[in-house]
Amino acid sequence: MEYTFRTIEKKWKEYWKEHRTFSVSNHSPKPKYYVLDMFPYPSGAGLHVGHPLGYIASDIFARYKRLKGFNVLHPMGFDAFGLPAEQYAIETGQHPIKTTEQNINRYREQLDNIGFCYDWERAVRTSDPSYYKWTQWIFLKLFHSWYDRNTQKARPIAELISIFEIDGNANIPCPADEQICLDGNCWKGLSVEEQRDILMKYRLAYLGFADVWWCEALGTVLANDEVVNGVSERGGFPVEKRRMRQWFLRITEYAERLLDGLETLDWTEAMKEMQRNWIGKSIGAEIKFVVEQASDKAITVFTTRPDTIFGADFLVLAPEHSLVDDITTPAQQSEVNAYREYVRTRSERERISEVKLVSGCFTGSFAINPITQRPIPIWIAEYVLAGYGTGAIMAVPSGDQRDHLFAKHFNIPITNIFGARYSGEEAYMAKEGTLENSGFLSGIEISKAVKMAVDAIVEAGVGQGKVNYRLRDAGFSRQRYWGEPFPIVYKEGIAFAIDELSNHSIGEQSTLPILLPEVESYQPASSGEGPLANISDWVNTPVGQRETSTMPGYAGSSWYFLRYMDPQNDHEFAGRKATDYWREVDVYVGGTEHAVGHLLYSRMWTKALYDLGFISFQEPFKKLINQGMIQGSSRFVYRVHGTNQFVTYSRRNEMQVDEIHVDVSLVDGLLLDQKRFKAWRPEFANAEFLLEDDGSYICGVAVEKMSKSKYNVVNPDDIVAQYGADTFRMYEMFLGPIDVSKPWDTKGIEGVHRFLKKLWRLYVDEQKGWIVNQELPNAQELQVIHRTIKKIGEDIERFTLNTSVSQFMICVNELASLTCHKQRVLEPLAILLAPFAPHLAEELWQQLGHSTSIMDASFPDYEEKYITENSKKYPVAVNGKTRVELEFPLDMPEEMVKQAVLSHPIIMKWLEGKAPKKIIFVKGKMINLVV
């Protein structure tokens, strides 16, 4: 009976579906365990072999935890809203609903083909109205909330209004404008419009204006990292800076809690550091520099080195700073305008990363150093960003390298406040030593000078100590169609949530969800608004206009892990009993590309929902596993330049050639199938080949990102069809550590397939059939299986799954050499195999006499007595050459070991009757006889 994997895998997929094997209950006496994958965006290209890497690892872990006695939640869904689907709709004329549905069905088919243990009854998709109803609901909760810095938590906006009516905002500084100051009577005297304007400056979800990257061709605002060299990363379309009304999330209020929370998480230090750097906490001082030509205007700068204020030789403002127009002199106006126009084409990433590019423009004005009273010039430069800090810096060229390069480039005199430590060639940026040329700080250690400088600045009334963050509020609106509509109506230009208006005043869509309307065109409105602005019947209501932007892709993905807990609930985003039971995700598996986007937003949403009393935990993901990338192994042919001749790899340097990617399916290892290559593309039909001496054409090879453009994509469906899902799963794990990128090599999978066949033969003989017997295992067999139980369990807990596969191979080889077909050994082996090769394990389990799924079994326990070695095999050498391997008890006295060696027939043969000059015995390692 052969290992017929196709029949076996089909059988058990149907069994799992029919018996709802992976359906999970929210009510169980077992302890809970929540295993989650970062859910995919279903593109039309489907999965390639790199995508399932993390899914397989999490599936192994989820199955293992179930075998260990846990009630395991392991769901899957689809991040279905977003720009790619909308762009595809524009290009093809198909509605995103249709293409998204097709893509999801394709993904589901491919995922099922690999045999994952997902509870599909809990599946969600972010574009489903029954799901985005609750995304809109959470947005409303954020809109109706503010962050109380005194209690360090979000609170309902109604409570803020009550405080304003009595005390004003005396103890509650405005996060958007600290200059706002009002008492209770003042608040009550404001108009509704004025009150709502102030409240908007406190809300966690708020409306503001921002300079954003607008892409006309894509019809949407782009994030900074979506703009490269002045064009969109997607499609290469022109972009421009445009001031637009946008929704934001006030994530900056959570900066300190986001930092503190990292200490409670089981994430890699590298991942934590990425978040720390993105949040960018800085401790220093804010200092006011009065403009010399206009004493009523002051420039506020933030610095982490207030001790260097005596070395401040100029100020630099962001070109977008609000004071630039006011302080620029007529003589400098045209030059400033030209420079600002140049900066409009530059992304923030380019502005801060190109450290060797020095550019800037003098405004013509000067500021007064508040400590030295010395006038210093005011410049604008692209390396200062309006959104970070105050949008202005005091430049200390002797203590900052970028300021130093700027000063040198524009011939600005440099004050040396570090003495001999400043070489004049580059800045001294260390925080050691004493200061010089620094007035009352001269001769003071830098470590002490910082506090003295802050005290002096505060005493002089020109500044204050300050904690600053690089983190900025998150843009939360997109001028596109395929996203969640906002539950917002503008009444006389003022934004109101729909639950603040009469149910009858805004037509049918007065309750959630606000449905995304059908459209005939996905093109943006001429005003720069999203496509929804073109649907006047939808936009216009009896009381005002609906918001025409939609939410960003990360809206639905910020909370999806909560919906999995209670996906059929029509009354709540998730019931409190369900969230109290499942709580945080215990293990979250995904790529590092989400380190500072999705993960930060999910953490903020979780904390906000916790603050408002909807859930009982503050962090979404306890443990994070980052998988590496499976890279493509590309193949190349070499076309002689200007001809249709193709030269083999070894002869490519003999002539001028063009390197061309070739589809990997046309290559066996490195050997090109010349006939299929000629049929591949019309331009190669008449190809001629300059071959190796043996008549073969050898291709070049390189490891690259797997992509269709490089023709190195491998479809998992093809691998599963040829070798089976179990082979595919084990091979992906065998490739290397889960967190390391590694190349795919289809040829290597054959070894794993042979291993599974060998394992099968422990249980089944091709001629005799089932050969498992009831004999009692001997000591060697028990040692093999118990050692394997221990190793597999430890490896799965550590996610070192590549070494698990290696241990399986060692175990099978040893059992085969022992001719072991004993049920008491092979039954626990089948359970160990179940997380890795679930279809094969189920088949073996049934054949072993069980009527239920192997997933209802218990993971075996190892016994230490069978693992502890009582004896050791020694290589025995004569004059350094190993002649035999002998096994002795570990506690056997050395003299007895030597006597046994000397009396062994093989050793006696090599000694030829001579007595050895020396016997070298290294306990537990080796024996060598010197003759």
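Is Arg 196 buried or exposed? I looked it up first, remembering that this is a predicted model. Arg 196 comes out at 12% relative accessibility, so I put it down as buried, the cut-off being under 20%.

**Entry: the salt bridge at Arg 196**

I then checked what Arg 196 holds on to. Its partner is Glu 500, and their closest N and O atoms are 2.9 Å apart. Arg 196 belongs to helix H8 (residues 192-200), while Glu 500 is in the loop between E19 and helix H16 (536-539), so this pair ties together parts 304 residues apart in sequence. Glu 500 is partly exposed, with a relative accessible area of 33%.

**Entry: other salt bridges**

How many salt bridges does the whole structure have? My search of it gave 51. I picked out a few.

Asp 313 forms a salt bridge with Arg 374, with 3.0 Å between the closest N and O atoms. I noted that the two sit in distant parts of the chain, 61 residues apart: Asp 313 in the loop between strand E11 (294-303) and strand E12 (314-317), Arg 374 in the loop between strand E13 (361-368) and strand E14 (375-380). Asp 313 is buried at a relative accessible area of 3%, whereas Arg 374 has 32% and is partly exposed.

Next came Lys 747 with Asp 668, where the closest N and O atoms are 3.3 Å apart. Lys 747 lies in the loop between strand E30 (742-743) and helix H24 (749-763), and Asp 668 in strand E26 (residues 667-668), so the pair ties together parts 79 residues apart in sequence. At 43% relative accessibility, Lys 747 counts as partly exposed.

I also found a network: Glu 240, Arg 242, Glu 341 and Arg 344 are joined by salt bridges that share partners.

How many of the six residues of strand E1 (residues 32-37) are buried? Six of the six are, so the strand is largely enclosed by the rest of the structure.

Then I looked at what E1 pairs with. E1 runs parallel to strand E2 (residues 71-73), joined to it by three bridges, and Val 72 is the bridge partner of Tyr 33 there. Strand E21 (residues 585-590) also pairs with E1 in the parallel sense, over three bridges, with Val 589 opposite Asp 37. With helix H2 (residues 52-67) between them in the name, E1 and E2 give a right-handed β-α-β unit.

**Entry: aromatic pairs**

I counted 69 aromatic pairs in the structure. Tyr 33 turns up again here: its ring centre is 5.5 Å from that of Phe 70 and the planes are at 75 degrees, so I logged the pair as edge-to-face. Tyr 33 is in strand E1 and Phe 70 in the loop between H2 and E2, so the contact ties together parts 37 residues apart in sequence. Tyr 33 is buried at 13% relative accessibility; Phe 70, at 21%, is partly exposed.

Phe 81 and Trp 482 have ring centres 4.9 Å apart and planes at 75 degrees, so they are edge-to-face. Phe 81 lies in the loop between E2 and helix H3 (83-92) and Trp 482 in the loop between strand E17 (474-475) and strand E18 (488-491), so this pair ties together parts 401 residues apart in sequence. Phe 81 is buried at 3%, and Trp 482 is buried at 3%.

I also wrote down one aromatic cluster, whose members include Phe 139, Trp 247, Phe 486 and Trp 605.

Which ring does the charged end of Arg 245 sit over? That of Tyr 490, 4.0 Å from its centre. I found the charged end of Arg 63 over the ring of Trp 16, at 5.0 Å from the centre.

How values were computed: Residues numbered from 1 in each chain as written. Predicted model: local features only at pLDDT ≥ 70, side-chain atom pairs only at ≥ 80, totals over all residues. Heavy atoms only, no water. Buried < 20%, exposed > 50% of the residue type's maximum accessible area, 1.4 Å probe, protein only. Helix = DSSP H or I, 4+ residues; strand = E, 2+ residues; numbered from the N terminus. Pairing = 2+ DSSP bridges. Right-handed = clockwise from strand over helix to strand, strands pointing away. Phe/Tyr/Trp six-rings, centres within 6.5 Å; stacked < 30°, edge-to-face > 60°. Lys NZ or Arg CZ within 6 Å of the ring centre and 35° of its normal. Salt bridge = Lys/Arg side-chain N within 4 Å of Asp/Glu carboxyl O.
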